[in-house]
Amino acid sequence: MRESGAYNAPWRRFGPYLSERQWGTVREDYSATGEAWDYFPHDHARSRAYRWGEDGLLGFSDHHQRICLAPALWNERDAILKERLFGLTNAEGNHGEDVKEQYYYLDATPTASYAKALYKYPQRAFPYAELVNGNKSRSRSEPELELCELGIFDDDRYFDVFVEYAKAEPNDILWRVHAVNRGPETAPIHLLFHVWFRNTWSWQREPERPLLERTGDAQVSLRHQEMGAFVASFDGAPELLFCENETNFPRIFGYEGAPFPKDAIGDHVVRGMRQATNPACRGTKCAAHYFASLPPGGELVMRGRLSQKGSVAASAPFADFGLLFSAREKEAADFYAELQDAIADADARMVQRQALAGMIWSKQFYNYDVRAWLFGDETQPAPPAARLHGRNVEWEHVVNDDVLSMPDKWEYPWYAAWDLAFHCVPMALVDPEFAKHQLVLLTREWYMHPNGQLPAYEWAFGDVNPPVHAWAALRVFQMDRKTRGDDGDLDFLERIFHKLMLNFTWWVNRKDAGGRNIFQGGFLGLDNIGVFDRSKPLPTGGVINQSDGTAWMAMYSLNLMRIALELALHDPVYEDIASKFFEHFLHIAEAMTKIGPDSNGLWDEEDKFYYDVLNVDGRSVPLRIRSMVGLIPLFAVEVLEGGVFEKLPGFTRRLRWFLEHRPDLASLVSRWQETATGERHLLSLLRGHRMKKLLARMLDESEFFSPHGVRSLSRCHKDQPFVLELDGHRYDVNYVPGDSETGLFGGNSNWRGPVWMPVNFLLVESLQKFHHYYGDDFKVECPTGSGRFLTLLEIADELSARLTRLFLRDEHGVRPCFGEHSKLREDPHFRDYLLFHEFFHGDSGRGLGAIHQTGWTGLIAKLIQPRRPEK
């Protein structure tokens, strides 16, 4: 069946694996200074061969980007073809890098047997310079200048360009590009469809070189040393244009190079330079060129097919084209109908389907051999010597050559360890095999450092992200088990567990400086949430004992304990390991809750909140910032069913011995003496009284609880900024509900007020776990001060509802995530196309940051999905 099978099954060979941006990445940066945005800018992308990958506009490729497919457009007003998405570099944007285009991922099946996306192409000249200059002129306290604000879509003067792919067989790919004139007047449009090979030949001596060659009026043969022989067939009578996927050396470097470089097709179409393309109709890149002047509402459809040479499809490519597309569309509809059979609301079904489509479209081939990148290629100039003392030099073992889930294929076209862990949870709704593969992949020897650290992201593999990999592995295992109806994929769980123990050991050895189970994780992914840049040495000296770092490790301990218990049910060897993580959790909990006589607790009894503590010059200074950092201890919670103790006697004996000999820790485990009663047992950093106090803060609408989720920073800091004066220096933190007003971490994300989906999702799950232990009799006022008392499960549902309302139409038919953009909110050709932003305004819910973060914001698909018991 097309929607099942192992992650590397033939039906997964082709997919939406082409990047939306290869330029400006670390991989393509061969500068001495590490300024990736400057070394390979957008202006070079059309003319310069990439070393490590390819990009294109809503493209398709095989799983190693050997054969690439993508449309391109021209409106007779732009100076260049629209063959890739444009956006601002980190230095150009007033809030960092940002794509400046309107495009949407609308549909996809897990294997991309059917996939659909939409690009809105302006009929006016695209405002490249206006976007750069306009955003450069704005301060960090001003909103970003967006494409809609420039009037580019006024009077509906644009084309809707729908791009669809369907598979007849694993190596038989159909495409259909459908342009519609939404404007009031006739307008010209050039549709091109590119077929090309990734350049793998310019970097080595005497390479095998693939070939594209015209073999008919509308047919091109492909010969590739690894992929074999294919035929690309184009409907109608397009103009076929050929060039090489190689650098235009005169334009980029000012000296002679090979003829017919990669920008030759653009020169031919846009500049009328007919001699620019190869008259012999052969090369490594080609395009089928169509043209039409479309009246208002007029349409142009471009169809094509890639099939293996000698197949029936190659000889009659369009005989069954319409039937195949209809069949794949129906299969996609049937697939989602089954998934969504318990979702009554049609709008919620649409939101979930687009969120999952974004997850699938955000798969990308990622290629990066760090050693080859550090030392250079045999046919190219040697990289600057400074490179051997710079970025990622300690990660020579990394050789990535895989399809990976990207946070955002334009803004973040590289994997990030903790993002990817969150991606796998919604992905498991539709493709648990891929989700499991992704989690295992990051623990393999060509990713994980020999010391056990997981790679963070290409800008700095050695940065530290929150340790959520075990949580994701456990959740994916549990979700997959429900679907399978058996004991679950124990091979997957066991395989990843062994690697996660290495990673846990790395954390303990490297991030617990004092050996007291208080952790100094550093950056931990929350960017500018603190008063200092936590990825760098503190300007004050000393160290920060991090509430979030310590709580993440408590959560990690419980996740590994739970995995070990799952494995121990089938192999008693794991009982001992489960005991080890149970005990490690208790030691962390001791430090967090200030039970031990020598511990440095992070709970502030006066404020009823957790704070980071700065240790400097023998002083301990609580950093009294009410932020998500103080709520993360809620994540460390696990409930043990009484039956576990009956089934695992070795674990039970060790647990009882340990708690009897450490009565100071016994109070951290509820009802631990009653292991023979079959009752549940709670492991948490917070018992009932303290949890209620913390939830009173979290559920206060004047602090954390916004109409659209829990804010990352309490709104109390709007009128009462946090101020730290130390050794003659002043540091402050203010509530900023929108884009960042600081330059920390590039300034393109903000944890000082907005709502972030991943941590909100963890809060929902934690509340569900607490309710599983406390039951319906345990109630908390929600919202704080309302007089309404809810169970913890009801609070979890309320938080989930507030998060989903970001995307659903309200009583006025408006989706809060669109903010005040009337075109996006009200226009029938915009209002039902969703963007899943990186984070959301803490007061209004307007989407902010990366606009296609259907990585972790794709978690909304899981929140929409009704809960169901295991089979």
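Residues are numbered from 1 along each chain as its sequence is written. Because the model is predicted, local features need pLDDT of at least 70 and side-chain atom pairs count only at pLDDT 80 or more, while totals for chains, interfaces and linings use all residues, and side-chain values use heavy atoms, with hydrogens and water left out.

## Strand partners of β3

Strand β2 (residues 60-62) pairs with β3 in the antiparallel sense over two bridges, two strands being paired if DSSP finds at least two bridges between them. Ser-61 has Cys-68 of β3 as its bridge partner, and in the hairpin, where four residues separate β2 from β3, Gln-65 takes a positive phi near 50°.

Strand β10 (residues 187-197) also runs antiparallel to β3, and eight bridges join the two. Cys-68 has Trp-196 of β10 as its bridge partner.

## Aromatic pairs

Rings of Phe, Tyr and Trp (its six-membered ring) pair if their centres lie within 6.5 Å, with planes under 30 degrees apart counted as stacked, over 60 as edge-to-face and the rest as tilted; by this rule there are 62 aromatic pairs. The pair of Tyr-119 and Tyr-121 is tilted, because the ring centres are 6.0 Å apart and the planes stand at 35°. Tyr-119 is buried at a relative accessible area of 1%, and Tyr-121 is buried at 0%.

Tyr-366 and Tyr-415 form an edge-to-face pair, 5.1 Å centre to centre with 80° between the planes. This pair links distant parts of the chain, 49 residues apart, since Tyr-366 is in strand β18 (residues 363-369) and Tyr-415 is in the loop between β19 (399-405) and α10 (417-430). Both Tyr-366 and Tyr-415 are buried.

## Charges over rings

The charged end of Lys-120 sits over the ring of Phe-830, 4.1 Å from its centre, a contact that requires NZ of Lys or CZ of Arg within 6 Å of the ring centre and within 35 degrees of the ring normal.

Terms used
Buried < 20%, exposed > 50% of the residue type's maximum accessible area, 1.4 Å probe, protein only.
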